[in-house]
Protein chains: 2
Amino acid sequence: MRAVVARSGQLICEEIAEPQPGPGQVLVKTLSCGICGSDLHALHHFDRMMDSTRRSGGVAPAFDPKAGMVFGHEFSAEVLDYGPGGPARLKPGTRVVSMPILIGPAGMIAVGYSNDYPGGFAERMVLSDALLLEVPNGLSDRQAAMTEPFAVGAHAVAKAALDEDAAFLVVGCGPVGLAVIASLKARGFGPVAAADYSPARRAMAERMGADLIIDPAKESPHTRWTDMGVAATGAEQMMARMAGQTPRRAIIFECVGVPGVLQALIEGCPPGSQIVVAGVCMQADQIEPAMAITKQLDFRFVFGYAPEEFAGTLSDIAEGRIDVAPVITSAVGLDGVAGAFTALADPEAQVKIVVEPGLG
Amino acid sequence: MRAVVARSGQLICEEIAEPQPGPGQVLVKTLSCGICGSDLHALHHFDRMMDSTRRSGGVAPAFDPKAGMVFGHEFSAEVLDYGPGGPARLKPGTRVVSMPILIGPAGMIAVGYSNDYPGGFAERMVLSDALLLEVPNGLSDRQAAMTEPFAVGAHAVAKAALDEDAAFLVVGCGPVGLAVIASLKARGFGPVAAADYSPARRAMAERMGADLIIDPAKESPHTRWTDMGVAATGAEQMMARMAGQTPRRAIIFECVGVPGVLQALIEGCPPGSQIVVAGVCMQADQIEPAMAITKQLDFRFVFGYAPEEFAGTLSDIAEGRIDVAPVITSAVGLDGVAGAFTALADPEAQVKIVVEPGLG
């Protein structure tokens with residue numbers, strides 16, 4: 001079958017062996033699969049990602065950089081066939097999504113980051129029957145493929161302490177930031193301010209429902225807290241409490257992931273802020289802990305999602321609580337993947353590009 | 001009256017003007033007053049502390065380094081006289097403690113860090129009538145003076161998310177770490193492991209009730225999680241969940257406050273740990289956010305205490321739930337303060353030194 005193989009920093013469209021489903025596994029045809037920022041990073045720095053995972057005590061896959069791998073973990077697919085042991089839960093022809101995990105005899109494999117099993121930038125994949133979720137009627141292949149990236153936003157929101165009256169700032173309106181905005185609004189939370197240097201991404205944040213759009217080149221994102229009912233300084237907080245008021249708490253989602261953003265937030269945010277860190281910064285970063293202490297800040301570093309958050313996101317999309325259509329800015333066939341990786345470097349041009357093997 | 005004045009990095013015992021209580025204020029005689037790590041830092045770096053406070057949006061006092069100041073914010077005292085407006089709540093002779101805050105016409109002043117009002121390293125102070133708490137019968141002046149530093153531990157524990165089955169590691173057994181251990185044990189939480197390079201401080205941690213004592217020169221503090229019922233790696237956590245078990249959550253108190261400790265904790269701690277940062281690191285520090293994200297860590301930077309935590313700590317000490325006596329390793333008169341600051345550099349020799357003007 002045809003697949004886009006990442007090998008030695010290059011993406012090459014070639015013929016690879018057909019994947020074989022084992023017991024409890026299902027052969028599927030890839031319908032649509034988003035390109036994730038992690039794929040861009042992994043193309044050149046997969047060893048560094050695995051090193052970080054290993055040093056974090058996680059189970060990093062044994063990985064041969066020369067053997068190559070087929071990326072793609074944000075997919076929708078169609079059931080084709082079953083592994084040994086007979087028919088699985090869902091009939092051939094059923095359209096499905098799945099968390100990108102393959103349960104095998106040797107444990108769990110990350111679909112899209114494995115030498116042994118291809119991800120969604122291939123004509124076919126093997127998935128786990130137990131993890132398949134049927135795509136509800138009417139949802140397009142492309143929209144269904146957005147379940148995974150939007151589940152990342154749902155998880156970040158679920159990890160925040162939302163049990164009180166809060167106001168929100170989303171810093172960085174790439175796919176993660178947009179998913180956070182969508183999840184907050186789908187749950188009725190707000191006001192939500194969104195900040196990004198890119199005009200196109202600010203426009204996208206507005207389409208996802210952000211209430212207040214900030215260009216950080218023109219003004220600090222922290223000048224707008226008062227507009228959102230947050231007492232922005234210790235003095236303002238004390239005066240509000242003395243007046244018997246309960247000012248809103250600031251909850252900030254860091255969705256950028258480059259060095260310096262954390263300290264800029266520590267310095268600019270209101271005392272008592274909660275900062276949910278969803279942007280994956282792969283370099284070392286410098287902070288001033290004394291300032292975080294004086295302000296009594298709360299940091300929640302978040303990653304991935306739980307199975308119920310993944311399923312909940314599919315429902316949110318299927319039932320119209322989240323409109324993912326605006327973020328899908330382009331679709332390419334397997335031949336277009338290498339070019340799409342390059343195009344994603346420009347935030348003005350693209351947000352999410354989907355790969356559809358059916359496009360040729 | 002006699003006082004120890006900090007001026008240009010020196011501590012000099014000299015005569016200063018008698019403080020004058022205003023309306024709502026009370027003149028007190030200092031009975032006992034602990035030396036805090038912040039005092040040691042402020043002697044040489046007060047300008048840096050204030051700069052950090054100002055950049056954090058806090059209200060830093062206008063400060064003249066040449067005018068000098070009298071430190072001391074961990075005190076017990078005796079009521080002597082009232083300001084204009086007549087008798088206050090408590091009679092002369094009443095022994096009291098207070099949060100080190102003076103409420104005046106110009107707002108709040110930090111007692112012990114002010115050019116205008118002396119702290120506890122002086123024969124007499126002015127305090128706010130509204131904040132005075134009577135020392136319950138039988139509690140010694142010295143024990144009562146420990147209310148403030150132990151309230152810092154109570155606050156750190158109160159800020160942790162303790163609503164589930166947890167195991168605890170206290171890193172650094174100086175006064176803050178010891179106060180955290182005491183507060184955890186007073187509330188019935190455990191098991192509590194305590195780590196410190198100093199044998200004397202490890203012994204002190206044991207006296208405060210720590211269940212497991214770790215010498216980080218001999219073993220990583222993170223080798224003992226399994227002994228405390230915590231699944232220490234992602235793989236162990238997954239296996240425990242698959243077996244229907246709920247492993248304990250790791251809650252770590254960082255009570256050291258020097259660069260490098262945060263990253264060592266990020267690297268060594270179990271996934272999903274909560275890290276309460278109570279050690280005040282005044283320098284910039286480097287972390288690897290990707291690792292904190294992979295492990296989904298939760299950081300709570302904490303500072304000070306609330307009035308009810310201060311009052312609760314006085315009760316804990318008075319009613320025997322916390323025994324502060326072991327941490328008081330020495331007492332000096334005003335003439336001994338400069339020497340005591342030097343002695344506190346050696347963790348083997350001293351934990352908490354109290355200053356008692358009555359000792360001469």
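This is a predicted model: local features need pLDDT of at least 70, side-chain atom pairs count only at pLDDT 80 or more; totals for chains, interfaces and linings use all residues.
User: What rotation superposes chain A on chain B?

Analyst: Copies are superposed by least squares on the C-alpha atoms of residues with pLDDT of at least 70 in both.

User: How many residues does the contact take from chain A?
Analyst: Contact means heavy atoms within 4.5 Å. The same surface serves both copies, as 100% of the contact residues of chain A recur in chain B. Chain B gives 40 residues to the contact, and chain A gives 40 residues.

User: What area is buried between chain A and chain B?
Analyst: Buried area is the accessible area (1.4 Å probe) that two parts lose on being put together, summed over both. Carbon and sulfur atoms give 60% of the area between chain A and chain B, which is about 3,600 Å².

User: Which three residues supply 21% of the area that chain A buries against chain B?
Analyst: The area buried between the two chains is about 3,600 Å². On the side of chain A, the three residues that supply more than any other three are R55(A), I293(A) and F301(A).

User: How many salt bridges does the rule find across the interface of chain A and chain B?
Analyst: A salt bridge is a side-chain nitrogen of Lys or Arg within 4 Å of a carboxyl oxygen of Asp or Glu. Over all chains, a search of the whole structure finds 33 salt bridges. Across the interface of chain A and chain B the number is zero.

User: How far apart are the closest N and O atoms of R95(B) and D141(B)?
Analyst: R95(B) is in strand β5 (residues 95-97) of chain B and D141(B) is in helix α2 (residues 141-145) of chain B, 46 residues apart. Helices (H or I, at least four residues) and strands (E, at least two) are DSSP runs, numbered from the N terminus. The closest N and O atoms of this salt bridge are apart by 2.5 Å.

User: Is D316(B) buried or exposed?
Analyst: Buried means under 20% relative accessible area, exposed over 50%, and partly exposed in between (1.4 Å probe, protein chains only). The salt-bridge partner of D316(B) is R187(B), and R187(B) is partly exposed at 40%. D316(B) has 5% relative accessibility, so D316(B) counts as buried.

User: Which residues of the largest nonpolar core touch the most other members?
Analyst: A nonpolar core is a set of buried Ala, Val, Leu, Ile, Met, Phe, Trp, Tyr and Cys residues joined through side-chain atoms within 4.5 Å. Leaving aside neighbours within four places in sequence, W225(B) is in contact with residues including F168(B), L169(B) and I251(B). The largest core has 54 residues, and those that touch the most other members are W225(A), F299(A), F301(A), W225(B), F299(B) and F301(B).

User: Why is strand β8 of chain B largely enclosed by the rest of the structure?
Analyst: Strand β3 (residues 25-34) of chain B pairs with β8(B) in the antiparallel sense over five bridges; two strands pair if DSSP finds at least two bridges between them. Strand β8 (residues 124-128) of chain B is largely enclosed because, of its five residues, the number buried is four.

User: What is the bridge partner of S32(B) in β4(B)?
Analyst: β3(B) pairs with strand β4 (residues 74-82) of chain B in the antiparallel sense over eight bridges. Three bridges join β4(B) to β5(B), also antiparallel. In β4(B), the bridge partner of S32(B) is S76(B).

User: How far apart in space are P23(A) and H45(A)?
Analyst: P23(A) lies in the loop between β2 (10-15) and β3 (25-34) of chain A, and counts as exposed at 65% relative accessibility. In sequence, P23(A) and H45(A) are 22 residues apart; in space, C-alpha to C-alpha, they are apart by 33 Å.

Methods: Residues are numbered from 1 along each chain as its sequence is written. Chains are lettered from A and ligands numbered from 1 in the order in which they are written. Side-chain values use heavy atoms; hydrogens and water are left out.
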